[in-house]
Every structure is written in structure tokens, then in C-alpha cells.
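Try each task before you read its solution.

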Amino acid sequence: MPRLEIAADGFRLDDRPFRIISGGLHYFRVHPEQWADRLHKARLLGLNTVETYVPWNLHAPRRGEFRADGGLDLPRFLDLAAAEGLHVLLRPGPYICAEWDGGGLPSWLLADEDIELRSRDPRYLKAVDDYLESLLATVGPYLSTRGGPVIAVQLENEYGAYGDDSDYLADLAELLRRHGVDVPLFTCDQPADLERGGLDGVLRTVNFGSRVEAGLAELRRQQPEGPLMCSEFWIGWFDRWGGTHVTRGAGDAAADLDRLLAAGGSVNLYMFHGGTNFGFTNGANDKGTYRPTATSYDYDAPLDEAGDPGPKYAAFREVIARYAPVPDEPVPAPGPKLAPMSAELTTCAGLLNQADRLGTAVHADGPVTMEQLGQSFGFVLYETTLPDAGRTVLRIDEVRDRAQVFVDGQPVGVLERENHEHALSFLVSRRGAHLAVLVENQGRVNYGRAMHDRKGLLGRVTANGLTLVDWSSRPLPLEDPSAPDYVPLDPSAPPVGPAFHRGHVDIDSPADGFIALDGWTKGQVWINGFALGRYWSRGPQATLYVPAPVLRAGRNEITVLELHGSTTRTVELRGTPDLGPLED
């Protein structure tokens, strides 16, 4: 494969002028059986490169481990990109933001109470060193200097919005070089952060979604010569629970893309194809108020969540054709979709009364955080006893992130971090009543100083001012929805509290679809054991994407974890999504 060079007048590939026209495509947000389809459509758009982050937290779910199988088979993704003739911009972090849980940093780092992330803290740098050693042993052969498609590697990610320690960036650059990265390195930052986030001797690139001329001018001010590149040209945006579905007009985005390319810039469309925050992997923001990101990462991208071309696909293709060759092939047609059908969920299993089948409890004087339990995603069930009967005020120093409270098995209230809630008042009928607090990790903060985001119950928990002790903390990662013992659902006596509901649907020909949960409140969905993600009646999204490879011809099993209650026993599979109301 050709080698990328950074010259005073721009990029060169095999000593010829070269413009990077790239698009974001995160392999970990797309079912692996659909990678080839998405990459093919990237080439047909006119892209010559794709960009992907690397999520450290998935590849190394526990300290000392490194996975690259199944949906994390990055070498296979790179092989497929090369087969399409696409170059790759690799963004290994260690921090990636990406609206991804913890910005991709593994949760086990936070088991050290005073660790400083994204710093020269020796504990952090040692973990980064181990990660990069494992990663580069896996993907090193895919660098363009060894015949692979990876033409450049990003150093950190928007560091200027977080800190200004150039020694830290130099440490990371040295680690990358020591582990074999001999292709160009680059940093990316928003215009106001370019000075803080850069490192002398490493190419600076800029991120923006509009004000193209101003963004490029600031990049040129900070970097008087060399390529002009926008590493994240934001052509849409992400959604958060409780918000609206954010979109951007195709004409507006295409006009700014035209300005960027007319100025001689290289570009990475963020995103070309957004994909999905499957399972529990979404991140969150906290700039004074905690805001968890939704399951869909459609991003109003040229290729929608199901991989179909949207309005931006044709608009961007027309713009790109003014500046670079575009394949003389038609715009891809939408893929087949499921016909509408319903599934009745006829068996159920209570979560609280089967918690022992889902995780092993740890006993301590106080609540133990999720990270101290060695757990990344899901829930923690905290249990103790209440000393007195009567009116009780329960106070919790920090709820991370949503706590459902039960006394003797009955729900008495919910505390939400998003609403800055710390106290709950209820009546207790007897001394020694059983207190259970089910805490959901709704996604670790992925941007800014709040990303030291430990989960569970943090600090003291008091009842009428008395500190509660003798706690059981039970991790519930919910990796296997078949673990509970399911029984037939009795419509006259629906389960109290969180419960799994299971049913089946027969499908003749698997195809992409969407599952709608009208009448359900909040929870998680699996199909054939594959975790589709979270649903929440507050919206904006009202459906979850179902990739065709998850389904099989014949009988398919659907499992729903409902945290509160539903007015129905059925879910619906559809051929069209509902991502919610748009912004005014």
C-alpha cells in the first residue's frame, strides 16, 4: 500500500499530491457481518479513506486482557477496508470520546480511587503502555509501511479541551513509536483548543461543523504550513434521552463540505455511518447536569443506522465529484426490511428475586462501587436493613446514575442523577425492613473533567441521619438474559418491580428491522441473546435497530428487561425507524 507523507503544501501519497476524503465508520457500532456492506457504500460515495476509533474498554474488559474477536476483530475490518481499496485513519485513543462509555477508557482504571486519567499518572501510563503493546501487536501489520491500509494514526483525541500538558502528549507519542507506529501521527482539536492540544512535530488537524473559513484560518495560524485537514466535519449530531432527534439539512451540510474542499482541505465526515450504541455502551455528558446519550447513533449521517443512503449521501456525492473521482455506479438502493409483525412475551422472571442467579454479592460496611466490583456495565443491587419503622428519609451522597428503591420488595421511589436527586421519603412498616436499591449505570461521562465517573452508590447512605452499614453489593452485568428461571406470565398478577419478559416470533426471511416498545417504560432488549440496547419511553427514539444478522429464519427469541411496568405483553417488529420528534 502507498505511504502517506506530510509536505509543506499538503499530503503526498507515493510522492504524488493527495487529498484525504474520509468518513467515520466505527466497526464496534456495526454488526461485523455488515462491515463489508458499509465499506462498499463508503467507496461508492467517493471516499478514499475511512476513519475508526478503537474502544480500549471493549478490547480490554479486564486488566491484563485483550480481545480482538467477533465484533472486535479489527484486523478483519482492516482487511475488508483494504479489499475495497480504502485507506484507514486509525484513532486508538487511548481516549476517544465518541459519545461512548467513559470515552473508551476501561472502567477498571477507576478502581484506583485517586487515579488521574489522561495524564502522566504512572498508573495510567502503564495501563496505556500495556494496551498499545497489545493493540499494535495485533494491527501493526496493517500499517501502510508494512503493506496495510492504515496511513496515519491519531495521538490522543481533542486533548486541548481537557488539558495542556505537552509532556503527556509526548509520552503517548513515544509509546506509539516504541510499539511500532511509523506512519504519520496527528492530533485533532476544535479551533479554540488547537494550541493546547497539539504537539510540536505532530500534524495538527481541526474539528468543526460550520464556519469553515474561520476554522481553517485558525488551523493555519497555529500551523503555518502543511496540510489543511478537518478530522471531524460534523455533518449531524447525537441524541440524548429526554431530548429531541437532532438533524442537519443535507443542503446546508453539503454547502459547508463544498467550502472545505474548495479551500484545498482534506476531510473526515463525522459520521459517514453512525451505527448503534448496542448493549450498555452509550456515553453521557455532564456540564453541570448529567445527560445520557441515546442508543441510536444514527447521527443523521449519509448512511443511516440501517445502512441505507439518506439525503446527504447523494448531496455529498455530488460535491465530492467536483474535486475527486467518484465511482461510476448508481447510489445503492435501500436494503430489504422486515414486514410488520408482533410478538407476545409470555414468560417472565423477576430480577430482584432471582438476583443470585445473575451475580455474586460482595459484603462490606458500605456500598461498593461498580468499578471496585470489577464490573463495567449494567446494574448493581445494593441491600441492607432499615433500623426503624415509621417515616424514613433516605439520603444518598451520590447516585450514579439512577436508583430504584424498594422496601420489603415494594417500590417506594426513584432517585435520578440527572435531576440532582439525593433524598427520598417513605413509610416503613416494621423495624429491620429489607432495603434494596437497584442502581443503573446509564453510561459513563465521555467528555470533560467529569469523566472520572464511578458508578453505583457513592459515599454515605443514611436513614433519618443514621449511616446504614452492613451492605450487600451484587454486580448485575446482565450478559446472559437466559440465566433467570422463566415461568409463564399470569396476566392477573403481573410481576412487581423489574422483570425479564420473554417470547418468540417466527420470521421467514431475516432482514433489517426495528423493534417498537409502545406501552413499555424503560429497560433493555435482547434478540437471540444479542443486546440491542436501552429503550426509554421518554424518548426521543421509540424504536431500536435490529440488524439482519441477529435474526434467523424460523423461531427467534425476544427478551425485554422492563424496570417498571408495561401496559402490554407484546412488542412489534417494523420495517421503519422512529427516532423521535425533531428540533423546532
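Is tryptophan 471 buried or exposed? Start with the ground rules. The model is predicted, so local features need pLDDT of at least 70 and side-chain atom pairs pLDDT 80 or more, while totals for chains, interfaces and linings use all residues. Residues are numbered from 1 along each chain as its sequence is written, and side-chain values use heavy atoms, without hydrogens and water.

**Exercise 1. Classify tryptophan 471 by its accessible area.**

Step 1. Take the cut-offs: buried is under 20% relative accessible area, exposed is over 50%, and partly exposed is in between (1.4 Å probe, protein chains only).
Step 2. Tryptophan 471 has a relative accessible area of 0%, so tryptophan 471 is buried.
Step 3. Tyrosine 382 is also at 0%, so tyrosine 382 is buried.
Step 4. Proline 494 has 54%, so proline 494 is exposed. Proline 494 sits in the loop between β25 (487–488) and β26 (499–507).

**Exercise 2. Name the geometry of two aromatic pairs.**

Step 1. A pair of aromatic rings is described by the distance of the centres and the angle of the planes.
Step 2. Rings of Phe, Tyr and Trp (its six-membered ring) pair if their centres lie within 6.5 Å; planes under 30 degrees apart are stacked, over 60 edge-to-face, and the rest tilted. The rule gives 22 aromatic pairs.
Step 3. Tyrosine 297 and tyrosine 299 have ring centres 5.2 Å apart and planes at 50°, so this pair is tilted. Both tyrosine 297 and tyrosine 299 are buried.
Step 4. For tyrosine 382 and tryptophan 471, the centres are 6.4 Å apart and the planes at 85°, so the pair is edge-to-face.
Step 5. Now place that pair. Tyrosine 382 is in strand β16 (residues 379–386) and tryptophan 471 in strand β24 (residues 471–476), 89 residues apart. Strands (E, at least two residues) and helices (H or I, at least four) are DSSP runs, numbered from the N terminus.

**Exercise 3. Check the length of helix α5.**

Step 1. The expected span is 1.5 Å times one less than the number of residues.
Step 2. Helix α5 (residues 166–178) has 13 residues, so it should span 18 Å.
Step 3. The end C-alpha atoms of α5 are 18 Å apart, which agrees.
Step 4. Look inward: the buried residues of α5 include Tyr168, Leu169 and Leu172.
Step 5. Look past the helix: glycine 180 follows α5, with a positive phi near 105°.
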